[in-house]
Amino acid sequence: MEKPHNHIAETLSRHGLRQTPTRLRVLQVLGASPYALSGHEIEQQLGQDTDRITLYRTLRSFEEKGLIHRVMDASDIIRYAACSIECTEEAHFDNHVHFKCTECAHIYCLNQVAIPAVTLPASFRAVSRDYLLAGVCNRCQPVERL
């Protein structure tokens with residue numbers, strides 16, 4: 001069985017990035033999280049030995065290379081989530097719905113739910129698509145009693 005660390009190292013190599021301890025750890029944290037994380041949340045999980053500037057440079061380079069994508073909501077807090085394996089530096093394929101839980105405030109990538117097609121007026125041209133739903137996630141749903 002392949003070690004998770006090897007998979008992360010291969011992902012970095014495939015995207016033309018050197019394997020540094022910070023890069024390996026950031027990808028490991030994002031890959032293990034079921035929801036998008038803010039830079040602050042990533043920093044907390046990495047611990048105090050990670051330099052904040054190095055972390056944000058790492059996030060920026062991951063986004064530029066197609067490893068992660070930004071997830072925004074009305075709070076304007078930037079959160080990051082791992083991209084699909086098909087994403088590259090030239091093309092992101094993150095055409096999925098994001099879901100913000102109104103109870104825990106986590107934002108989930110619903111990769112299995114495509115953004116619905118939208119027809120724009122002739123004089124409009126979209127350059128990006130963000131689709132955010134809000135509600136209560138499966139972890140915060142009250143347990144029904146029979």
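From the N terminus on, the elements of the protein chain run α-α-β-α-α-β-β-β-β-β. The model is predicted, with pLDDT of at least 70 needed for local features and 80 or more for side-chain atom pairs, while totals for chains, interfaces and linings use all residues. Residues are numbered from 1 along each chain as its sequence is written, and side-chain values use heavy atoms, without hydrogens and water.

Trainee: How many helices and strands does the protein chain have?

Mentor: Both are DSSP runs numbered from the N terminus: helices are H or I with at least four residues, strands E with at least two. The secondary structure of the protein chain comes to four helices and six strands.

Trainee: Are α2 and α4 roughly parallel or roughly perpendicular?

Mentor: The axes of α2 (residues 21-32) and α4 (residues 52-65) come within 10 Å and cross at roughly 70°. Axes are lines fitted to C-alpha atoms, for helices over the stretch in contact, and angles run from 0 to 180 degrees between N-to-C directions. An angle of 65 to 115 degrees counts as roughly perpendicular. The two helices, α2 and α4, are therefore roughly perpendicular.

Trainee: Which residues of α2 and α4 make the contact?

Mentor: Contact means heavy atoms within 4.5 Å. On α4 the contact is made by Thr 54, Leu 55, Thr 58, Leu 59, Ser 61 and Phe 62. On α2 it is made by Thr 22, Arg 23, Val 26, Leu 27 and Leu 30.

Trainee: At what angle do the axes of α2 and α3 cross?

Mentor: α2 and α3 are roughly perpendicular to each other. The axes of α2 and α3 (residues 39-46) come within 10 Å, and the angle at which they cross is roughly 110°.

Trainee: Which residues of α3 make the contact with α2?

Mentor: From α2, the contact takes in Arg 25, Val 26, Val 29 and Leu 30. From α3, the residues are Ile 42, Gln 45 and Leu 46.

Trainee: Is Arg 79 buried or exposed?

Mentor: Arg 79 is in strand β3 (residues 79-82). Buried means under 20% relative accessible area, exposed over 50%, and partly exposed in between, with a 1.4 Å probe and protein chains only. At 9% relative accessibility, Arg 79 counts as buried.

Trainee: Which side chain does a polar contact join to that of Arg 79?

Mentor: A polar contact is a pair of N or O atoms within 3.5 Å; within protein, one must be able to donate a hydrogen and the other to accept it, and residues adjacent in sequence count only if both atoms are side-chain atoms. For Arg 79 the polar contact is 3.4 Å, and the partner is Asp 73.

Notes
Angles under 35 degrees count as roughly parallel, over 145 as roughly antiparallel, 65 to 115 as roughly perpendicular and the rest as oblique.
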